[in-house]
Amino acid sequence: MQRRGPRAGPQASASRRGGVRGQPDPKPKAARRPVSVSPLPSQRSDDALDPTAMRQPLPDAWYCVAESRALKRNGLTAVALNGEQLVLGRGADGAPFALRDRCPHRGMALSKGPFDGDTLMCPFHGWRFGTDGRCRAVPTLSTHDAADFSRIAVQRFPVRESAGFVWVNPSLQEGGPVPAIPALDFEPAGSLVVALEVEASFDLTTLSLVDPGHVAFVHDSWWFRPSKELREKVKTFQPVEHGFVMTSHATTKSSPVYRLLGGVPEVEIEFRLPGVRLERIVAGAKRVANYTFATPLTANRTLLTNALYWSMPALNLLKPVARPLMRQFLTQDQQVLQHAQAGLDRKPTMVLLGDGDLPSQWYFRLKREALESARAGRPFANPLERRELRWRS
Ligand code: FES
Ligand SMILES: [Fe+2]
């Protein structure tokens, strides 16, 4: 199989496969060729995009960095984000802040020092910084010393709160509109959060959020998949802002988790850049949301956060049962991703084949469009089209 750069890989394949807007694609089997995807830098001289950019997580996007409840007033939390170390906290007004966790003086971690709700004090030589990052005091300076610290500052990052989480955009440039931060469209009666670190790249981990093919083999627990048989699936996907969505009605053969809700729930699964999967389940007035977020910690470590929210207070009783099951589910992904990453480290190519791998190709197309539109200073134009996919799982 010929090795191609990311541009020639998923993009070339998707256009070659054609597809009619709004209709299933009746193509002969012979037209279905596997696609080899390599995250290695492309050698193409006409590649307008810096090839290494496709290998990185999107720089200008919101990433889930902590649970909101983990941020206490007067407390500091250290987190990693895309190779950077951040210190998070809440000011006296309750508003969260995110600063680079590095004192400009000698590089000490500010998260190791005290915070009085107003200033962070570096524990090395006592320099003080406001929650806006500006240096407020250097206690070791003599009153006769004219050294000026007013221009010294720690980098501050944009921070938001939504759906019970803290979100940080690591980009230092003011860009255009970026993918919306996930929100909840109902008031939850309860929620459960499980997070696991995966020793795998952000891309590989994010692909698992859009990969229907792995479910039958990786998530084969009795409580999720009572039947071991592979069944034909036909689902319609359509583009949405910065991603795509699959809508369906759950059937009686669906997972017991869906059946727990009673009736015939409607399920909608949205993927959104940079690495967000939003599963929304509606059964009459009942609502369940199953959200998963990928957060790049370093080049080869990714945080997978799974949050389950529900509108029915009675489900709170199931928390002690549901938590270990959620952890088991996420651990199944973690284990297989880590072994796959080891294989990709030895040879960094993937072969994407068939409809089941199309969402993975779409991920790369969306990411490329986000990078190219930001680079050209134009609005993001979703390159995907509505279409029906068939696979067995
Ligand atoms: S390293 Fe922070 S005050 Fe010296
Ligand atoms: Fe999975």
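Predicted model: local features only at pLDDT ≥ 70, side-chain atom pairs only at ≥ 80, totals over all residues.

Trainee: Why does L88 count as buried?

Mentor: A residue is buried if 20 or more other C-beta atoms lie within 10 Å of its own, exposed if 12 or fewer, and partly exposed in between, with C-beta atoms placed from the backbone. L88 has 24 C-beta neighbours inside 10 Å and therefore counts as buried. This residue lies in strand β4, residues 84-90. Of the 393 residues of the chain, 33% count as buried.

Trainee: Which residues does L88 touch?

Mentor: Leaving aside residues up to four places away in sequence, L88 touches V65, A66, L71, T77, V79, P96, A98 and V166. Contact requires that the C-beta atoms of two residues, placed from the backbone, lie within 7 Å. Across the chain, among contacts between residues at least 6 apart in sequence, 63% join residues at least 24 apart.

Trainee: What makes β2 and β10 edge strands?

Mentor: They belong to an open sheet of three strands in the order β2-β11-β10, with antiparallel pairing. β2 (63-67) and β10 (159-162) each have a single partner strand, so one side of each is left without a neighbour in the sheet. The twist averages 35 degrees from one strand to the next; axes are lines fitted to C-alpha atoms, for helices over the stretch in contact, and angles run from 0 to 180 degrees between N-to-C directions.

Trainee: Which strands pair with β18?

Mentor: Strand β12 (residues 190-198) pairs with β18 in the antiparallel sense over nine bridges, and G190 stands opposite W310. Strand β17 (residues 286-298) is joined to β18 by ten bridges, also antiparallel, and A294 stands opposite L304. A hairpin through two residues connects β17 to β18.

Trainee: What makes β18 mostly covered?

Mentor: In β18 (residues 301-310), seven of the ten residues are buried.

Trainee: Why is the span of helix α6 said to agree with expectation?

Mentor: The expected span of a helix is 1.5 Å times one less than its number of residues. The 19 residues of α6 (residues 358-376) should therefore span 27 Å, and the end C-alpha atoms are 26 Å apart, which agrees. Helix α5 (residues 319-346) has 28 residues and reaches 41 Å from first to last C-alpha, close to the 40 Å expected.

Trainee: Which residues of α5 are buried, and what covers them?

Mentor: The buried residues of α5 are F329, D333 and L337. Their cover includes β12, α2 (202-207), α3 (215-218) and β18.

Trainee: What makes the phi values of N74 and A163 worth a remark?

Mentor: Most residues other than glycine have a negative phi, and most peptide bonds are trans. Phi of N74 is positive, near 65 degrees, and phi of A163 is positive, near 55 degrees. N74 is found in the loop between β2 and β3 (76-81), whereas A163 is found in the loop between β10 and β11.

Trainee: Are these two residues buried or partly exposed?

Mentor: N74 has 13 C-beta neighbours inside 10 Å and so counts as partly exposed. A163 has 20 C-beta neighbours inside 10 Å and therefore counts as buried.

Trainee: Where is a cis peptide bond found?

Mentor: A cis peptide bond joins L273 and P274, with omega about 5 degrees. P274 is found in the loop between β15 (266-272) and β16 (276-283).

Conventions. Residues numbered from 1 in each chain as written. Chains lettered and ligands numbered in written order. Pairing = 2+ DSSP bridges. Helix = DSSP H or I, 4+ residues; strand = E, 2+ residues; numbered from the N terminus.
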